[in-house]
Amino acid sequence: MTKNKAVEHAISEREVKKRSQWGMVFQRLKRNKMAMAGLVILILLILMAAFAPVITPFSYYYQQLGSRLQGPCSTHWFGTDHLGRDIFTRIVYGARVSLQVGLISIGIATLIGGLLGAIAGYYGGHFDTGVMRFMDILLAVPGILLAISIVAALGPGITNVMIAVGIGATPVEARVIRASVMQVRDQEFVEAAKAVGTSDLRIIFKHILPNAMAQIIVQATLGVAGAILAAAGLSFIGLGIQPPSPEWGAMLSEGRQHLRDHWHVTTFPGIAIMTTIFALNLLGDGLRDALDPKLKN
Amino acid sequence: MAEKLVEVRNLKKYFKTAKGLLHAVDDVSFHINKGETLGLVGESGCGKSTTGRLLIRLLDATEGEVIYDGKDINQLSKKEMRAMRKEMQIVFQDPYASLNPRLTVSDIISEPLIVNKTYSTKAKREARVRELMDTVGLAPRLANAYPHELDGGRRQRIGIARALALKPKFIVQDEPVSALDVSIQAQILNLMADLQEKFELTYLFISHDLSVVKHVSDRIAVMYLGKIVELADYQTMFNDPLHPYSQALLSAIPLPTLDLKKERILLEGDVPSPINPPKGCRFAGRCRHRTDKCLAEEPELKDMGGDHFVACHYAGEFKLGTV
């Protein structure tokens, strides 16, 4: 009898063993082939950025004016640009800059915008009005103009570009997060949490944000694409990444004048940007689904 | 006389809306005795749920007092209120919306214990969660299930376990069974009756379903458009309702008797808007006995003797009869 009870207890203990939240998210993510493809591409891009000198024999600023605007061949896989620099090399090195700018600036935007949006959405009232009207003012100024003014004030350079692009993307993030927080805020489980004495901070982080995660992630992955392009725009007008540092957007802009005769100058940086954004979107979609326990199959 | 646990005096809750002031709860007074169940019935939108939330201060009252165990909870500081929350809990209507879909069953039940730091160690807390699950009849294997994996009855049991976690004395039941199948309703109602006996709980049972309220309540209050129109013990309420609105409600309960011909009062029209409500008796517009006095003068809640209160100028003059 006692032995039986012990066995029963052991079984129920094992069944009740806590399933780790992140472990389960990854389990679900693993089942999504598209998301895994996105993750693999992203990891490859990051590895490419990290091991750039190993991958390519050229340096990104070495100019061979004798072989300008060459098409793809066995030495220059993606051809050369108008200064005779190897495009493949510049794309590989450019991954460092572009990925950094894209991810960090959206990180800044999501953090600041998310915090402001979540607090504004949760409390409402005057704070909400104040924050959101300020965001409206930021939105009223074209993003690129805002970024230009910030970079002009702070000076060019990669850090300032990230700050400028990040601030430029903040109002959109804040709006999206505020809207989804407001949607979750009025649900009964939030009221239930209040009834047991949960603090506002815990309600926001434990109950509201996890349930607003889907929109936040989708918005952030889309934002990365926009951030890479915004950084490119800044580089193009000379306020962003300074030449000769390679940056995909800047390469795209520089190659624009050769678009008619030398397709390869713009095509390859374009493909690089597209691949990155595609991978991020796949991963973002997959993460959104994986984070939702309701969609578990 | 029984000891009062909760006493409500002239409680008002107005909401500002674009069209004007919405009188959700308008000057309501009543009390709940220790260990009893007070049923609160009325149509949707009459202020039942708002009253329930005001009683545990999930909403702040516009005016009036809610005295719990001698203390007016509306006067408590944030910190004092947090301590007070352990005494009073709520079970919600919709067991789908009231449970966070991202948390497991044991996460949900342990939330009150975590935020109130009830237990010093995780092991003690988990033991308490297991005990609570057992109390409400949830199998231990469900501890790591998510709410959406369970049926309505089980979900409502989770909600009840969460409400019980802090060992409260008073629980507001906000239509706890109206979202459930009839077969499950009985299970949940029985569970709550058992728990009431076991833990000496006091309930405010909010419902629009008179047959459910009859089954569980010691006394019943009928609300109409933010006001209590009649308050009596359940036998008096069902046998001798004095307010025309209560009479109309009770006449609508179907009886499983073939040859009994009951008078059925069909109310005409709709509930008037609680935004800037009419002067006089709120029910006057739909009342078949209405006079000019009803339209001009608001009736007070009168004591008819034997703890029977009615807010009608002509209380006792019209009886609900069989035809």
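What pattern does chain A follow when read along the sequence? Chain A follows α-α-α-α-α-α-α-α-α-α-α-α. Before the close-ups, a word on the model: it is predicted, so local features need pLDDT of at least 70, side-chain atom pairs count only at pLDDT 80 or more, and totals for chains, interfaces and linings use all residues. Residues are numbered from 1 along each chain as its sequence is written, while chains are lettered from A and ligands numbered from 1 in the order in which they are written.

**View 1. Chain A is built with 12 helices and 0 strands.** Helices (H or I, at least four residues) and strands (E, at least two) are DSSP runs, numbered from the N terminus. Along the principal axes, the C-alpha atoms of chain A fill a box of roughly 90 × 55 × 25 Å. The radius of gyration of chain A is 24 Å, whereas a compact globule of 297 residues would have one near 19 Å. That radius is taken over C-alpha atoms, and the globule rule is 2.2 Å times the number of residues to the power 0.38. Of the 297 residues in chain A, 40% are buried. Here is the burial rule: a residue is buried if 20 or more other C-beta atoms lie within 10 Å of its own, exposed if 12 or fewer, and partly exposed in between, with C-beta atoms placed from the backbone.

**View 2. This is where chain A meets chain B: 23 residues of chain A are in contact with 26 residues of chain B.** Contact means that the C-beta atoms of two residues, placed from the backbone, lie within 7 Å. On the chain A side, helix H1 (2-16), helix H9 (188-195) and helix H10 (200-236) each give two or more residues. H9(A) brings the largest share, 7 residues. Sorted by class, this side of chain A has 8 nonpolar, 7 polar and 8 charged residues. For that sorting, Ala, Val, Leu, Ile, Met, Phe, Trp, Tyr, Cys and Pro count as nonpolar, Asp, Glu, Lys and Arg as charged, and the others, Gly among them, as polar. As for confidence, the predictor gives the complex an ipTM of 0.84 and a pTM of 0.81.

**View 3. A:Phe58 sits in the loop between helix H4 (52-55) and helix H5 (87-123) of chain A.** Is A:Phe58 buried or partly exposed? A:Phe58 counts as partly exposed because it has 18 C-beta neighbours inside 10 Å. Leaving out residues up to four places away in sequence, A:Phe58 touches A:Asp86 and A:Thr89. A:Arg85 is 27 residues away along the chain, yet its C-alpha atom and that of A:Phe58 are separated by 8.6 Å.

**View 4. Over in chain B, 8 strands make an open sheet with mixed pairing.** The mean pLDDT (the predictor's confidence in each residue, from 0 to 100) of chain B is 89, and 98% of its residues reach 70 or more. The strand order is E6-E7-E8-E3-E9-E10-E12-E11. Strand E6 (88-91) and strand E11 (302-303) of chain B are the edges, each pairing on one side only. Two strands pair if DSSP finds at least two bridges between them. E6(B) runs parallel to strand E7 (residues 170-174) of chain B, joined by 4 bridges, and B:Ile90 stands opposite B:Val172 in E7(B). Helix H5 (residues 152-164) of chain B packs on the sheet and touches both E6 and E7 of chain B. The direction of H5(B) makes about 175° with that of E6(B); axes are lines fitted to C-alpha atoms, for helices over the stretch in contact, and angles run from 0 to 180 degrees between N-to-C directions.

**View 5. E9(B) and E10(B) form a hairpin with 2 residues between them.** In the turn, B:Leu225 has a positive phi of about 50°. The two strands pair in the antiparallel sense over 6 bridges, and B:Met223 has B:Ile228 in E10(B) as its bridge partner. E10(B) also runs antiparallel to strand E12 (residues 309-310) of chain B, with 2 bridges joining them. There, B:Glu230 stands opposite B:Val310. E10(B) is largely enclosed by the rest of the structure, because 6 of its 7 residues are buried.

**View 6. Helix H1 (residues 48-55) of chain B has 8 of its 8 residues buried, so it is largely enclosed by the rest of the structure.** Among its buried residues are B:Lys48, B:Gly52 and B:Leu55. Just after H1(B), B:Arg57 takes a positive phi of about 55°.
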